[in-house]
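This report examines side-chain contacts in a protein model, for a reader who is new to such analysis. Please keep the sequence and the structure in view while reading.

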Amino acid sequence: MRTDDVQKAACIAQCPAPNMDEPKTFKTPNLFRVTPNFYRSAQLKKENVPELESFGIKNVVSLRAFHSDKDLFKKTAIKTHRIKIYTWAISDDEIVAAL
């Protein structure tokens, strides 16, 4: 692992404990607020997009290896970023890239 990657991971590890909202707070299934500006969820569907837009979300990072979410957000201001993660063979570098 490169030194700058280790520093990034260390910085993230030192962040305060996340403030997780209850899942029932959101319409999107399995959506949690990790920090005031960071959410995580399971695979999104078309009907979830308006809720994300209402939160002012500007970027979505997909970790899916075989499918893109680009079409899901095509008609929105939300930008998509994809980091292909093969969960059966994940490396330290891939974990750091996703963070």
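## Charged pairs

D71 and K74 form a salt bridge in which the closest N and O atoms are 3.9 Å apart. A salt bridge here is a side-chain nitrogen of Lys or Arg within 4 Å of a carboxyl oxygen of Asp or Glu. The model is a predicted one, in which local features need pLDDT of at least 70 and side-chain atom pairs count only at pLDDT 80 or more, while totals for chains, interfaces and linings use all residues. Residues are numbered from 1 along each chain as its sequence is written, and side-chain values use heavy atoms, with hydrogens and water left out.

By the salt-bridge rule, the count comes to two. The other entry in the table joins the side chains of R64 and D69, at 3.4 Å from N to O.

| Salt bridge | N to O distance |
|---|---|
| D71 and K74 | 3.9 Å |
| R64 and D69 | 3.4 Å |

D71 is exposed because its relative accessible area is 61%, and K74 is exposed at 59%. In the pair of R64 and D69, R64 is partly exposed at 28%, whereas D69 is buried at 10%.

## Aromatic rings

A pair of aromatic rings is described by the distance of the centres and the angle of the planes. Rings of Phe, Tyr and Trp (its six-membered ring) pair if their centres lie within 6.5 Å; planes under 30 degrees apart count as stacked, over 60 as edge-to-face and the rest as tilted. The whole structure holds six aromatic pairs.

One of these pairs is F26 with Y39: the ring centres are 5.9 Å apart and the planes stand at 80 degrees, so the pair is edge-to-face. F26 lies in the loop between helix 1 and strand 1, and Y39 in strand 2 (residues 38-40), so the pair ties together parts that are 13 residues apart in sequence. Helices (H or I, at least four residues) and strands (E, at least two) are DSSP runs, numbered from the N terminus.

How are the rings of Y39 and F55 arranged? Their centres are 5.2 Å apart and their planes are at 10 degrees, so this pair is stacked. F55 is in the loop between helix 2 (49-54) and strand 3 (59-62), and the pair therefore ties together parts that are 16 residues apart in sequence. Y39 is partly exposed at 23%, as is F55 at 30%. Ring pairs link F26, Y39 and F55 into a cluster.

Y39 is also the bridge partner of R33. Strand 1 and strand 2 run antiparallel and are joined by three bridges; two strands pair if DSSP finds at least two bridges between them. A hairpin of two residues connects strand 1 to strand 2.

## The nonpolar core

F26 is buried because its relative accessibility is 11%. The largest nonpolar core has nine residues, among them F26, L52 and V60. Such a core is a set of buried Ala, Val, Leu, Ile, Met, Phe, Trp, Tyr and Cys residues joined through side-chain atoms within 4.5 Å.

Conventions. Buried < 20%, exposed > 50% of the residue type's maximum accessible area, 1.4 Å probe, protein only.
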